[in-house]
Amino acid sequence: MPVHEQSMQTLTAVKNNLESCILGKSFEIKLLLSALLAGGHVLIEDVPGTGKTQLVKALAKSMSGDYRRIQCNPDILPSDITGVSVFHPHEERFVFRPGPVMTHILLADEINRATTKTQSALLEVMEEQSVTADGVTHPLPHPFMLCATQNPIDFEGTYLLPEAQLDRFMMKIGIGYPDAGTEKAMLRSHSQGQPADQLEPVTTMEEISAIQREVQHVHISEPLADYLLEIVRRTREHEDVLLGASPRASLAFMAAAKAYAFLEERDYVLPDDIKTLAPFVLEHRILLRPESRLGHRNVGEVLQQILRQVHVPVAVGR
């Protein structure tokens, strides 16, 4: 099945919109779009002021989708996110009042400032894409994507994300500082205000949903599937690793590889797609042994060692 030209035009328009707001970050934008097309969630970890919130806001505006933002802090309650049932005296019954999670794009800003109890409210949201209140399950709008941000430097008043929640993020990405030329161009582009506020929608959530269905038909050959699974399996067996990637990670890895190939205007996955995405899909799912961390080993080094050791298949065509 060849990639539809109309779909590529739509995705190019979205990508151009995002690049007009977040300058010099084409690759990071492609990763975000890959997660969107694969139906996954993204954790954006970087220092303050690098454009994390603006990137997510621009994505929602480009697709004319519903967008909600939660500013996480220790006082926020699970019901502040998922919603709560309120008793209506005149109707003499409880009515569910949906929270900000009932949207297409949800931004959980500084997610590590919310308590672990509040963070656990997002587990059902991320996996089942639904909210259960008083025994009644309420489905979320489709498509739904959670984008969470966190600051890796500030540890005061923060809570570590549990492994079960990290595993539900398809990718963990960073944006990083712009280079000198890009930052100068950014000054000019912000002279009339935030570029994200001036964006016009270029597609709809219905079109994105249709493209997501197209992505599911991208071909991954059996040798490439074995290659992907071997990388995941090695993360569980490496001597420096305490907790390796889960079967959920394998599924997310394959879905992300298909979406990335689609953005490259291919209807089949290549080994380079898998090698490119491996750090962003797997690193946050791997936990090193304490003695390895004391020996100044890091997850990135371990994963690169695994990628060098696993044989890359040659025959990957249809």
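**Figure 1. Overall view of the predicted model.** Of the 318 residues of the protein, 49% count as buried, where buried means under 20% relative accessible area, exposed over 50%, and partly exposed in between (1.4 Å probe, protein chains only). This is a predicted model, in which local features need pLDDT of at least 70 and side-chain atom pairs count only at pLDDT 80 or more, while totals for chains, interfaces and linings use all residues. Residues are numbered from 1 along each chain as its sequence is written, and side-chain values use heavy atoms, with hydrogens and water left out. The secondary structure comprises 13 helices and eleven strands; helices (H or I, at least four residues) and strands (E, at least two) are DSSP runs, numbered from the N terminus. The radius of gyration of the protein is 20 Å, close to the 20 Å given by the globule rule for 318 residues, so the protein is as compact as a globular protein of that length. This radius is taken over C-alpha atoms, and the rule is 2.2 Å times the number of residues to the power 0.38. Along its principal axes, the C-alpha trace spans about 70 × 45 × 40 Å.

Figure 2. In helix H8 (residues 205-215), the buried residues are Met205, Ile208, Ser209, Ile211, Gln212, Glu214 and Val215. They pack against helix H1 (5-21), helix H2 (26-37) and helix H10 (247-263), a contact being heavy atoms within 4.5 Å. Gln216 is placed in the loop between H8 and helix H9 (222-237). At 57% relative accessibility, Gln216 counts as exposed. The C-alpha atoms of Gln216 and Leu37 are separated by 9.1 Å, although the two are 179 residues apart along the chain.

**Figure 3. The salt bridge between Asp109 and Arg69.** A search of the whole structure finds 15 salt bridges, each defined as a side-chain nitrogen of Lys or Arg within 4 Å of a carboxyl oxygen of Asp or Glu. In one of them, the side chains of Asp109 and Arg69 meet (2.5 Å, N to O). Asp109 belongs to strand E5 (residues 105-109) and Arg69 to strand E2 (residues 67-71), so the pair ties together parts that are 40 residues apart in sequence. Asp109 counts as buried at 8% relative accessibility, whereas Arg69 is partly exposed, with a relative accessible area of 44%.

Figure 4. The side chains of Arg248 and Glu127 form a salt bridge (3.3 Å, N to O). This pair links distant parts of the chain, with Arg248 in helix H10 and Glu127 in helix H5 (residues 116-128), 121 residues apart. Arg248 is partly exposed at 29% relative accessibility, and Glu127 is partly exposed with a relative accessible area of 37%. Salt bridges link Glu127, Asp167, Arg168, Arg248 and Arg285 in a network.

**Figure 5. The annotated segment, residues 233-293.** An unreviewed UniProt entry annotates residues 233-293 as "domain: ChlI/MoxR AAA lid"; such annotations may be inferred rather than shown by experiment, feature names are shortened, and positions are given in the numbering used here. The end C-alpha atoms of residues 233-293 lie 21 Å apart, and the span is 62% helix and 8% strand. Asp273 and Arg266 meet through their side chains in a salt bridge (2.9 Å, N to O), and both residues are buried.
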